[in-house]
Amino acid sequence: QVQLVESGGGLVQPGGSLRLSCAASGSFRSINAMGWYRQASGKQRELVATITSGGSANYADTVEGRFTISRDNARNTVYLQMNSLKPEDAAVYYCNARVKITIIRSDDYWGQGTQVTVSS
């Protein structure tokens with residue numbers, strides 16, 4: 001069983017910053033890609049950023065230059081530093097991890113989500 005636990009969401013004013021964290025725990029061999037997705041009210045879930053085990057990052061155009069994804073492989077943790085937040089960034093943010101369970105099996109896991117509200 002693999003669990004992803006997110007933290008760091010909250011209320012912030014436009015232009016402010018937040019840092020999200022997501023820690024993976026359980027029984028697995030390793031973690032491949034990790035990422036953050038978000039879902040605003042009434043909208044579909046969308047990709048925010050992903051990062052490979054080697055540290056290569058990819059961002060949605062809407063957050064490029066404002067958000068930074070990073071990971072600590074020793075702690076099985078991925079972070080999302082969000083700067084210059086806009087009201088349109090408000091959403092529930094979900095952590096995702098592609099986890100190598102056995103030599104031949106990898107599964108996707110999701111966190112429970114953490115709310116980010118951007119409002120004055």
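Start by selecting Tyr 93: leaving aside neighbours within four places in sequence, its contacts (heavy atoms within 4.5 Å) are Glu 6, Leu 20, Trp 36, Tyr 37, Arg 38, Val 48, Phe 67, Leu 80, Met 82, Gly 113, Thr 114 and Val 116. The model is predicted, with local features needing pLDDT of at least 70 and side-chain atom pairs counted only at pLDDT 80 or more, while totals for chains, interfaces and linings use all residues. Residues are numbered from 1 along each chain as its sequence is written, and side-chain values use heavy atoms, with hydrogens and water left out.

Next, colour the largest nonpolar core, which has 32 residues. Such a core is a set of buried Ala, Val, Leu, Ile, Met, Phe, Trp, Tyr and Cys residues joined through side-chain atoms within 4.5 Å; buried means under 20% relative accessible area, exposed over 50%, and partly exposed in between, with a 1.4 Å probe and protein chains only. Tyr 93 is listed with Trp 36, Leu 80 and Met 82 as having the most contacts inside this core. Strand 9 (91–100) is among the strands that each supply at least two core residues, and strand 9 gives the most, with 5 residues. Strands here are DSSP runs of E, at least two residues long, numbered from the N terminus.

Now show strand 3 (residues 18–26) with strand 1 (residues 2–7): the two pair in the antiparallel sense over 6 bridges, where pairing requires that DSSP finds at least two bridges. Glu 6 stands opposite Cys 22 in strand 3. Strand 3 also pairs with strand 8 (residues 77–82), again antiparallel and over 6 bridges. There, Leu 18 stands opposite Met 82.

Move to Tyr 37 and Trp 110. The structure holds 1 aromatic pair (Phe, Tyr and Trp rings, the six-membered one for Trp, with centres within 6.5 Å; planes under 30 degrees apart are stacked, over 60 edge-to-face, the rest tilted). The ring centres of Tyr 37 and Trp 110 are 5.0 Å apart and their planes lie at 65 degrees, so the pair is edge-to-face. Trp 110 is partly exposed, at 38% relative accessible area.

Finish at Pro 87, in the loop between strand 8 and strand 9. Pro 87 is partly exposed, at 47% relative accessibility. Pro 87 and Val 118 are 31 residues apart in sequence and 4.8 Å apart in space, C-alpha to C-alpha.

Notes: Helix = DSSP H or I, 4+ residues; strand = E, 2+ residues; numbered from the N terminus.
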